[in-house]
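Subject: Structure for you to look at

Dear colleague,

I am passing on the structure below, and would be glad if you read these notes with it open beside you.

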Amino acid sequence: MRGMEMSLNQTQKLRLQRALELLETLSSGINSNSSVTVADTIPVNQEDGVLKGHGTTELEGEVVATVCGVIERVNKLVYVRTLRARYKPEVGDIIVGRVIEVAPKRWRLEINFSQDAVLMLSSMNLPDGIQRRRTAVDELNMRSIFEDDDVICAEVRDFMRDGSLQLQARSQKYGKLERGQMLTISPYLIKRRKQHFHHLDQYGIDLILGCNGFIWVGEHVETKDNMIEEEPIKPDPQNNKSKTSMSLEEEEQTYTPLETRQNICRIANAIRVLSTLGFSITIDVILDVVDLSISKGLDIHEMLGAEFSVLVAEREAERRNSSTRRKR
Amino acid sequence: MAAKAGASPATYSPSPTTYKKNRPPIFTDVDWVRPDGRDFHQCRPAFLRTGAVNAASGSAYAEFGNTKVMVSIFGPRESKKAMIYSDIGRLNCNASDNKEISSQLHKSLEGAIMLDTFPKTTVDVFALVLESGGCDLPVVISCASLALADAGIMMYDLVAAVSVSCLGKNLVIDPVSEEENYQDGGLMITCLPSRNEVTQLTITGEWSTPKIHEAMELCLDACSKLGKIMRSCLKESSSTSQE
């Protein structure tokens, strides 16, 4: 297994193997005949005009694969889907990224993609909340909004000509993320859903599943919705204070309690275990794994051990088994 | 360099005649016996694995007898040098700062990769020779193409590389370090097996034309066999990760 760096003893290996085999039989029958490697010919009915999609090329009238993966057919389109796919961005994706550079009128973010994404100053709300043209003073004060190495949540606005992404963070739910952990997992484990922002009440934690494979687990922050534009927006004195450096009393107030920190770590470890095993990450699965760890009374650091991974695999196999049985 | 050699007589300048005299031709009558007991036309058994390095986009590990090589691929990713927009991507090869192997690796791979699928970005290839047991460059090239396939970089075909050594009147395929040291000449072919195309042909030393023909045929045959082995390795690793 890729990334499986722990040593399993004999019984654990057997149990893991059995669980993975069960999962394989339950999975929606991936036909092994349709897997191809580089330069394999793809069986295609030549009479229908065939659209050669991603991962294919033409050689002497035959369609040939250029990557290793599984053949997918949609009507006349034939393409090769790679198994460990890179992140494929789409407009409207929720992205978590890290600032690597503050450039003239924009920030450059590192997201798990072949190129860095760009967040324009004009695509970002100003701290005083007024909608106005960005002046030279705003440009000089860019560092007061985001600095280098800040973690940011944003949305994909569109693609630039060279293929890199342009982001926008114009809503209150986007912006700088503080007091939490950012995790990196393979992007194909996160499927696009209706909701990528999750607020876990019972733990007091915000969970953001970025489509690019970056996940944010952090303390819950109340988002004020000040998008009401009919009333004249008065510069809110409290708003200004939160952006400038905080005094000691304010820092005490914003201290994250120990229990919240432990919950953050527990959820983060649950995500790490799931990504090592290669299971899709959804909010239900994460909560299930966290409940499992609490019910077994495991310490947070024990969650990264071999025993827990085997338990998670067995639990997932059991879950899918019961759900397929219920469908029948 | 020519001026320097003439200026100070202490500078070493190799002259062809003295070089030949120092190494007596031992192999004109006697057959060479391979130290590992192989046939002349038998390659070493290949052990290939993908996914050796977790941090990399793609990686592969290859063991051909005593030659152990690990290649990791990073990318396509942002390159600091390519600030101007370019239609095609860049390939950057680094074989632990060995310029010769790096440049030959680059030449053999760039014919197989579809550079226009990742414009403005760079694919970095890092090769590490863990143990050198002869025939290093061909093993590095084959391992690198496996790693590229593992990383999902679009390619026209896998690149298989084999080299042949000429020892007197014998042609020896997949030489060990000892055989490479004694060789009269070496020939290396990197080809795309399914497409029957050659990306690089390197000939060094003394060769007669009929021997070159024979060596090329040997190499191409071995390359197609190696291509099949590489394919089965990729199929195996993809079937275990299908879940």
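Are Y87(A) and F113(A) buried or exposed? Both Y87(A) and F113(A) are buried, where buried means under 20% relative accessible area, exposed over 50% and partly exposed in between, with a 1.4 Å probe and protein chains only.

Please keep in mind that this is a predicted model, in which local features need pLDDT of at least 70 and side-chain atom pairs count only at pLDDT 80 or more, while totals for chains, interfaces and linings use all residues. Residues are numbered from 1 along each chain as its sequence is written, chains are lettered from A and ligands numbered from 1 in the order in which they are written, and side-chain values use heavy atoms, with hydrogens and water left out.

Another is formed by Y174(A) and F197(A), with centres 6.0 Å apart and planes at 45°, which makes the pair tilted. Y174(A) is buried at a relative accessible area of 10%, and F197(A), at 19%, also counts as buried.

As for chain B, buried residues make up 47% of its 243 residues. Among its contacts (heavy atoms within 4.5 Å) with a separation of 6 or more, 68% come from residues 24 or more positions apart.

Best wishes

Methods: Phe/Tyr/Trp six-rings, centres within 6.5 Å; stacked < 30°, edge-to-face > 60°.
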